[in-house]
Amino acid sequence: MTAGGTEELRDILLRDYQPRSCLEVPEHAVARPRFPVIDAHNHLGRWLSPDGEWMIRDVPALLALMDECDVTGIVNLDGRWGDELEANLDRYDRAHPGRFATFCHVDWRETVSVGFTERLVASLRQSAAAGAKGFKVWKDLGLHFEDPDGKLLLPDDPRLSPVWATAGELGLPILIHTADPVAFFQPIDRFNERLEELLRHPEWGFCDARFPSFQRLIDALEAIVASHPATTFVGAHVGCYAENLRWVSRMCATYPNFHVDIGARINELGRQPRAARDLMTRHPDRILFGTDVFPPTVERYRLYFRFLETADEYFSYQAGDAGRQGRWRMSAVDLPDDALRLVYRENARRLVPCLGGEAP
């Protein structure tokens, strides 16, 4: 192509620029994991379903998919409370013992009324008695719910301390998602590494005086972990701060009750594979396998297996470019067997013993 023939490309739109790598690198497909797996972060209920129906329409088909991928159990984070919890327990835990463990929520809308602490604690106790195996806390605590005075309620508010303590007393691990990716708290401008994603979903941006800063939310997470050593916390999405694995490693080293899952963050781990491998081999007893892919698919499970088991370099963290989160590729971490066994299954079995049955 002559120099003149490139003029039309000088002002190419960002969305139209889709470079194709010229690298010739080894590729290894991993159809089945080296060891059995527990998916400790997934959504099988109705809470996040776009139409209000069950995320999984065909449970036997899901079980067949799990068997095909050697997934012996799944943590279902959609239990909610009351009748919805009972419905999830009936559909999954009670119908298929050992294959599913449903976590409850509490109704944070209670926080606008005086006396909310006692009501939240009572709800948690009722859910545990019904059969919930853990407690899911989402990012809306800290970003959306207000106290009786109309102020945003943060996780480290002293009025919530009895809730975290009660979870520990009941033996319920807390899987907590605090904040969101760091870029979501930065201006949506040409410097934002997730600009395309935020342009698709501007409501995901929290760079606004109405919201706490990312650092304030992360400090709140550390505060509750530090002040409740008898309560087990699992920081979702690699500890809620996958962009800073030094922070995650320090948390694991400092607080024996702190764990992380890798759900929906292999894209972040894979762009810093040496740091990610160091984290997983330095703290192998604190890392839980999870996907946050709902409904689960064989293809996504295999991508996670490839990321954890091979030494492949510079491959896509998803199929195609639809829904891309950032303009990068990832490399795999090639975990040793001793760490892989713990990450894949044994850590989840320890925290959620009902998923401890033998692999099929």
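**Entry 1: a loop and its backbone**

I began with Pro 295, which I found in the loop between β8 and α12; helices here are DSSP runs of H or I with at least four residues, strands are DSSP runs of E with at least two, and both are numbered from the N terminus. The model is a predicted one, in which local features need pLDDT of at least 70 and side-chain atom pairs count only at pLDDT 80 or more, while totals for chains, interfaces and linings use all residues. Residues are numbered from 1 along each chain as its sequence is written, and side-chain values use heavy atoms, with hydrogens and water left out.

The peptide bond from Phe 294 to Pro 295 is cis, and its omega is near -5 degrees. I then looked up Asp 292, which has a positive phi of about 60 degrees although it is not a glycine, and its place is also in the loop between β8 and α12. His 237, again not a glycine, has a positive phi of about 55 degrees, but this residue lies in helix α8. With 5% relative accessibility, His 237 counts as buried (buried means under 20% relative accessible area, exposed over 50%, and partly exposed in between, with a 1.4 Å probe and protein chains only).

**Entry 2: strand β1 and its partner**

How many residues of strand β1 are buried? I noted six of the six, in residues 37-42, so β1 is largely enclosed by the rest of the structure. Strand β1 pairs with strand β2 (residues 71-76) in the parallel sense, over four bridges, where pairing requires that DSSP finds at least two bridges between the strands. Asn 42 stands opposite Asn 76 in β2. Together with helix α1 (residues 59-68), the strands β1 and β2 make a right-handed β-α-β unit; right-handed means that, with the strands pointing away from the viewer, the path from the first strand over the helix to the second runs clockwise.

In helix α11, which covers residues 273-282, I found Ala 276, Leu 279 and Met 280 to be buried. Seen down the axis of α11, these buried residues fall within an arc of 90 degrees, so they line one face of the helix (the arc is that of the directions from the helix axis to the C-beta atoms). The face turned away from that buried side carries the exposed residues Arg 274 and Arg 282. What do the buried residues of α11 pack against? Their partners include α8 (236-239), α9 (245-254), α12 (298-309) and α13 (337-351), with contact meaning heavy atoms within 4.5 Å.

**Entry 3: the nonpolar cores**

The largest nonpolar core has 91 residues, and those with the most contacts inside it are Trp 108, Phe 135, Trp 164, Ile 262, Phe 289 and Leu 308; such a core is a set of buried Ala, Val, Leu, Ile, Met, Phe, Trp, Tyr and Cys residues joined through side-chain atoms within 4.5 Å. Helix α12 gives the largest share of this core, seven residues. A second, separate core has 14 residues, among them Ile 38, Val 234, Ala 236 and Leu 355. I also followed Phe 289, which, leaving aside its neighbours within four places in sequence, is in contact with residues including Val 37, Ile 38, Ile 262, Tyr 304, Leu 308 and Tyr 344.

**Entry 4: salt bridges**

A search of the whole structure finds 29 salt bridges, each one a side-chain nitrogen of Lys or Arg within 4 Å of a carboxyl oxygen of Asp or Glu. The side chains of Glu 309 and Arg 34 meet in one of them, at 3.7 Å from N to O. This pair links distant parts of the chain, since Glu 309 is in helix α12 and Arg 34 is in the segment before β1, 275 residues apart. Glu 309 counts as buried at 9% relative accessibility, whereas Arg 34, at 37%, counts as partly exposed.

Arg 349 and Glu 346 also form a salt bridge (3.4 Å, N to O), and, being three residues apart in helix α13, they are separated by about one helical turn.
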